[in-house]
Amino acid sequence: MTNIVVLIKQVPDTWSERKLTDGDFTLDREAADAVLDEINERAVEEALLIKEAQGGEVKVLSAGPDRATDAIRKALSMGADSAVHLNDPSMHGSDAIQTGYALAAALGNVAFENDEPADLIIAGNEATDGRTGAVPAIIAEYLQIPALTQMRKVTVADGKVSGERETDEGIFGLEATLPAIVSVTEKINEPRFPSFKGIMAAKKKTVQTITLSDIGVEDGIVGVENAGTTVTSSTPKPPKTAGERVTDEGDGGQKIASYLVGQKII
């Protein structure tokens, strides 16, 4: 049996118009539809597959405002057993290191029914709203556990987690003893759709809400005012303009090449 925590995040829908706030230039999460990040659905699916194969318990952990409960319920409707919601306004604007620190502290306080800590933490390789791809490794550093990142295949057996890591340089086999943290790519699986039964069951599942003080994290450590990186200005993308039509009169290739040179593309 394996105790698994899945890190999930509610993000602005990639099909929505996304923008930064005018004040501190953090992501304006109220300006777009919010959804459970697709890569997190795959992380949840992988945890459920492991549970179905060898038993255990699957919890989801998410840091976010009140509306993040929608993403949490989506994960629960897929089949996760329960959830922990780190909901604290002081988290606003935290960078990757601060987020990793807070999540690591929260993970240290996650309790399973068998009173044992998490054996395996599963996350997506990167969130669509930040794309730092660093939080799983940061958590591993704070918790002093192995990190297997960019995994396209995962196997848990005999107290170890192993699988295939894919990078631009090729595919590598990795293995580590548990406890460990794993981040997965979009090639790991195809997530299931929540059934009507799962959606109804999710309404009765436990969602524990915690704050920074509950996990021993001081306000002055996290948040936009304490972040190691700062956005000082932003420029919205220009509106779409009509394209340039090239009429081929035998010299179409030359015209296209000239246009690309003029745009400094070639």
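Me: Are α1 and α2 roughly parallel or roughly antiparallel to each other?
Reply: Helices (H or I, at least four residues) and strands (E, at least two) are DSSP runs, numbered from the N terminus. Helix α1 (residues 38–54) and helix α2 (residues 69–78) pack at an angle of about 30°, with 10 Å between their axes. Axes are lines fitted to C-alpha atoms, for helices over the stretch in contact, and angles run from 0 to 180 degrees between N-to-C directions. Under 35 degrees counts as roughly parallel, over 145 as roughly antiparallel, 65 to 115 as roughly perpendicular and the rest as oblique, so α1 and α2 are roughly parallel.

Me: What pLDDT must side-chain atom pairs have to count?
Reply: Residues are numbered from 1 along each chain as its sequence is written, and side-chain values use heavy atoms, with hydrogens and water left out. This is a predicted model: totals for chains, interfaces and linings use all residues, local features need pLDDT of at least 70, and side-chain atom pairs count only at pLDDT 80 or more.

Me: Which residues of α2 meet α1?
Reply: α1 passes α2 in a right-handed crossing. Contact means heavy atoms within 4.5 Å. On the α1 side stand E41, V44, E45 and L48, and they meet α2 at K74, A75 and M78.

Me: How many charged residues does the contact of α1 with α2 have?
Reply: Ala, Val, Leu, Ile, Met, Phe, Trp, Tyr, Cys and Pro count as nonpolar, Asp, Glu, Lys and Arg as charged, and the others, Gly among them, as polar. By these classes the contact of α1 with α2 has 4 nonpolar and no polar residues, and its charged residues number 3.

Me: At roughly what angle do α3 and α4 cross?
Reply: Two packed helices are described by the angle and the distance between their axes. The axes of α3 and α4 come within 8 Å. α3 is oblique to α4, because the axes cross at roughly 55°.

Me: Which residues of α4 meet α3?
Reply: α3 also passes α4 in a right-handed crossing. α3 brings A96, I97, G100, Y101, L103, A104 and L107 to the contact. The contact has 11 nonpolar, 1 polar and no charged residues.

Me: Which residues touch the most other members of the largest nonpolar core?
Reply: A nonpolar core is a set of buried Ala, Val, Leu, Ile, Met, Phe, Trp, Tyr and Cys residues joined through side-chain atoms within 4.5 Å. The largest one has 31 residues, and those touching the most other members are V6, V60 and V161.

Me: Is N125 buried or exposed?
Reply: N125 sits in the loop between β6 and α4. Beyond neighbours within four places in sequence, N125 is in contact with I39, G133, Q150, S183, V184 and T185. Its relative accessible area is 11%, so N125 is buried.

Me: What is the relative accessible area of V35?
Reply: V35 lies in strand β3 (residues 34–36). Not counting residues up to four places away, V35 touches K9, Q10, V11 and D13. V35 is partly exposed, because its relative accessible area is 31%.

Me: Which peptide bond is cis?
Reply: P179 lies in the loop between β9 (170–177) and β10. Omega is near 5° for the cis bond, which runs from L178 to P179.

Methods: Left-handed = near helix turned anticlockwise from the far one by under 90°. Buried < 20%, exposed > 50% of the residue type's maximum accessible area, 1.4 Å probe, protein only.
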